[in-house]
Amino acid sequence: MKAPAKILEISGRMLLVWGVLALISCPACSRPEDSSETPGRPAAAGPPCYGDTLITGSIGEPSNLIPILASDSSSHEVAGLIYNGLVKYDKDLKLVGDLAESFEVSKSGLVITFHLRKGVRWHDGQPFTAADVLFTYKTMIDPRTPTAYAEDFLQVERAEATDPYTFRVTYKKPFAPALASWGISVLPGHLLEGRDIMKSPLVRHPIGTGPFIFKEWKAGEKVVLAYNPDYFEGRPYIDRFIYRIIPDSATMFMELKAGGIDNMGLSPLQYARQTEYRKFKENFNKYRYPAFAYTYLGFNLEDEKFRDRRVRQAISYAIDRGEIIEGVLLGLGQEATGPYKPGTWAYNPNIRQYPYDPVKARELLQEAGWRDADGDGILDKGGIPFRFTIITNQGNDIRARTAEIIQRRLKEVGINVNIRIIEWAAFIKEFIEKKAFEATLLGWTISQDPDIYDVWHSSKTRPGELNFISYRNTEVDALLEKGRRTFDQGERRKIYWRIQEILAEEVPYVFLYVPDALPVVQARFQGIEPAAAGITYNLIKWYVPKTEQRYKIVTVDR
Amino acid sequence: MATYILKRLFLMIPIFLGITVISFAVLHLAPGAPTEMQTMMQPKVSLEARARLNAIYGLDKPLPIQYFDWLKRLVRFDFGRSFSSDNRPVQEKIMERLPVTLFINILSLVLILVVAIPIGILSAVHRYSLFDKATTLFVFIGFATPTFWLALLLMLVFGVHLDWLPISGLKSLNYEYLGFWGKTVDLGRHLILPVLLSAFGGLAGLSRYMRSNMLEVIRQDYILTARAKGLPERVVIYKHALRNALLPVVTVLGLSIPGLIGGSVIFESIFAIPGMGQLFYGAVMARDYPVVMGELVIGAVLTLIGNLVADISYALVDPRIRVR
């Protein structure tokens with residue numbers, strides 16, 4: 001049941017920490033004409049009004065609603081509506097204040113000062129102050145806290161609450177991703193201080209500052225939230241938010257059609273083939289925009305076959321990305337050229353491209369010494385035929401089919417490819433972490449901050465770390481280090497653009513495609529404005545006209 | 001009889017220990033520890049963070065020690081705490097889900113008994129009749145149909161197209177606001193498909209089994225004798241033959257309890273029912289060792305009890321078993 005969400009799981013949850021919900025989108029980037037589907041019926045007129053319930057379906061159940069302790073996207077998705085961070089990404093993916101009214105970074109980049117909003121109250125009525133932020137920081141770095149995300153906070157040299165509404169952190173070295181790291185949910189210090197956080201009732205009954213107040217959690221069934229009447233950005237129009245747990249995606253799709261849930265993310269097949277009839281279009285609005293993710297074919301660079309750059313370039317030329325996007329994503333995606341999303345500021349559009357060109361591929365392979373000496377159709381070098389295995393994880397049909405298309409195309413240039421599909425845990429543990437693979441088909445989620453140190457720096461090649469293809473390039477290393485020490489966006493853009501040039505030249509990965517996010521929402525919901533951040537960034541502004549409201553019963557008590 | 005039961009009870013202890021050792025070993029042999037499932041392939045999670053989580057959960061200790069720690073707790077009926085990030089006691093997690101699973105399984109067991117046994121008898125008595133052929137066909141369809149496929153098909157027909165039944169879950173959203181009868185009807189409507197589905201496979205198997213037993217018995221000499229004495233056919237079949245034919249069915253029923261619970265994994269996931277099966281599936285995927293072990297223990301205990309009950313009832317109805 002986990003499998004279908006594999007693309008997102010890798011670092012998708014990190015996006016959620018920053019308060020951006022699962023359905024992430026693209027900025028004004030590229031194709032505006034199809035960045036959102038035309039609504040199936042005209043938007044009903046009338047001013048926003050209060051009431052009704054939004055029911056969302058989720059494959060997984062949240063595990064812990066103290067978000068720093070949870071590592072699953074369901075927990076972060078729900079907790080994101082209950083808590084706030086100091087900062088958040090706005091609809092255009094710019095970092096803005098959330099619980100912080102404003103913030104400033106010192107010239108040296110070492111000190112960040114947050115000026116907090118006044119008058120914000122926790123859901124239990126207590127005032128929110130800098131003491132809560134300090135408590136959250138201390139909890140993050142406490143070795144007894146079972147959190148996986150201490151790393152960014154261990155870089156802090158000193159944190160202090162200079163007055164109830166000012167919070168200041170000092171870093172040992174300038175650290176550009178630092179600012180975004182303060183998007184983590186701020187916890188209520190007055191309820192947790194001096195207690196064992198693991199055994200706190202807040203694990204299952206969270207108290208935050210966010211737009212929705214926790215109501216109930218029925219294990220395996222649903223989580224219910226109700227509107228926060230005095231949310232600092234204004235009371236949400238929707239009265240209730242219900243998060244239903246439906247482990248099977250086919251069941252969820254039927255629940256959607258039958259009215260049991262109001263929104264979900266569709267698969268390309270569901271989007272293109274199973275929802276294109278009149279009744280569905282009347283009842284639902286479909287949206288479409290590039291997801292913050294890409295899929296790639298990664299080479300194990302310690303493997304003799306892939307040492308030669310010309311071989312990797314040849315493979316890149318031999319693969320027809322357009323064919324993969326048409327055949328597997330049913331056109332619902334675009335070509336990837338590097339580790340950033342087309343249209344975002346870190347994306348470099350002027351790098352070497354690899355259009356489908358089998359002739360060039362064969363030439364490059366020949367240059368690298370691979371020729372078909374024995375005439376069996378398979379290239380060889382020193383008597384060894386060119387064959388390798390692509391491994392990918394089980395439960396992701398899209399990847400399996402992508403591998404098959406690659407297999408066929410590579411055969412045409414004389415490379416014999418095997419495909420092995422392995423259960424997720426075994427796949428990572430036995431093959432990826434041990435570097436026991438030749439090539440792998442995988443995906444990464446693209447984070448808002450362009451720092452890609454963990455995936456590309458040569459110090460991250462130990463077993464279990466993310467540079468499992470063993471990519472080593474001194475210039476890239478230096479750029480990555482510089483990139484995280486630089487705050488100026490213009491400067492950083494130069495750094496990351498240069499990295500993309502190098503990656504395009506070296507082809508450690510064959511970047512394949514950026515899939516589209518395909519959310520669908522029941523048509524009675526108004527006020528949805530697709531933007532760079534997706535559709536859920538303005539959830540508190542969604543509303544249902546009085547005449548179309550379905551659920552009336554709501555009781556809100558504190 | 002008492003010694004027989006006592007002997008059986010004592011025998012259960014080593015069997016139980018064996019089951020737990022094997023389960024524990026197999027579980028830990030599977031690649032991926034719970035902490036790894038939570039942290040792997042995530043930037044922002046360092047190897048140090050993973051090591052720290054391992055220490056917090058005691059996963060850095062040698063396996064035998066982990067097992068004995070677990071066993072020591074089990075003796076005190078403490079299943080430990082879940083390794084998922086909610087860290088709740090395993091008992092609590094299982095107890096909130098056990099009733100649902102048991103309830104559905106008992107319902108489907110009753111359904112199986114009520115439907116399968118008469119079908120089996122009738123098709124044995126009227127062998128090669130149209131009824132027998134029809135049920136044979138039905139049974140083979142039952143064996144051959146994948147449960148999840150049938151479940152989705154029924155959902156599509158009754159839930160989406162006809163809109164007669166709810167698709168998933170156990171209760172409607174407005175359940176709390178309904179009266180007693182409203183609640184019963186609501187629950188009933190939600191239960192129809194899952195109970196039908198969970199009974200479906202068993203129905204096919206048991207009716208076949210009943211039929212072959214009945215056929216076996218009808219061929220026996222004493223039935224011939226009973227007929228020869230001029231007893232009415234009804235008495236021959238339902239008094240003499242049926243009692244003996246039911247004997248093995250009792251055993252099979254006892255043995256089918258764990259199978260039903262295993263089947264829960266599939267239909268509870270498909271129908272989004274918050275039961276043990278769903279919990280188990282999630283726990284296995286997340287390598288949540290304490291929860292998986294907790295469920296396996298409960299499954300083992302239920303199996304052992306099922307066998308015991310089957311054996312005892314067998315001994316009760318058939319004196320030949322007792323004497324030994």
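**Note on chain B of a predicted model**

1. Charged side chains. In chain B, 30 side chains are positive and 20 are negative, and the centres of these two sets lie 8 Å apart.

2. Secondary structure. Chain B contains 14 helices and zero strands. Its pattern along the sequence accordingly reads α-α-α-α-α-α-α-α-α-α-α-α-α-α.

3. Dimensions and surface. The C-alpha trace of chain B spans about 85 × 60 × 40 Å along its principal axes.

4. Burial and contacts within the chain. Chain B has 324 residues, of which 48% count as buried. Among the contacts in chain B with a separation of 6 or more, 71% join residues 24 or more positions apart.

5. The setting of Arg50(B). Where in chain B is Arg50(B) found? The residue belongs to helix H3, which comprises residues 47-57. Is Arg50(B) buried or exposed? Its relative accessible area is 10%; because buried means under 20%, Arg50(B) counts as buried.

6. The contacts of Arg50(B). Which residues does Arg50(B) contact, leaving aside its neighbours within four places in sequence? In chain B, the residues in contact with Arg50(B) are Thr35(B), Glu36(B), Thr39(B) and Met40(B). From chain A, Glu433(A) and Gly464(A) are also in contact with Arg50(B). The student may therefore examine this buried residue together with its contacts in both chains.

Key: Residues numbered from 1 in each chain as written. Chains lettered and ligands numbered in written order. Predicted model: local features only at pLDDT ≥ 70, side-chain atom pairs only at ≥ 80, totals over all residues. Heavy atoms only, no water. Helix = DSSP H or I, 4+ residues; strand = E, 2+ residues; numbered from the N terminus. Buried < 20%, exposed > 50% of the residue type's maximum accessible area, 1.4 Å probe, protein only. Contact = heavy atoms within 4.5 Å. Lys, Arg positive; Asp, Glu negative; His and termini not counted. Charge placed at Lys NZ, Arg CZ, Asp CG, Glu CD.
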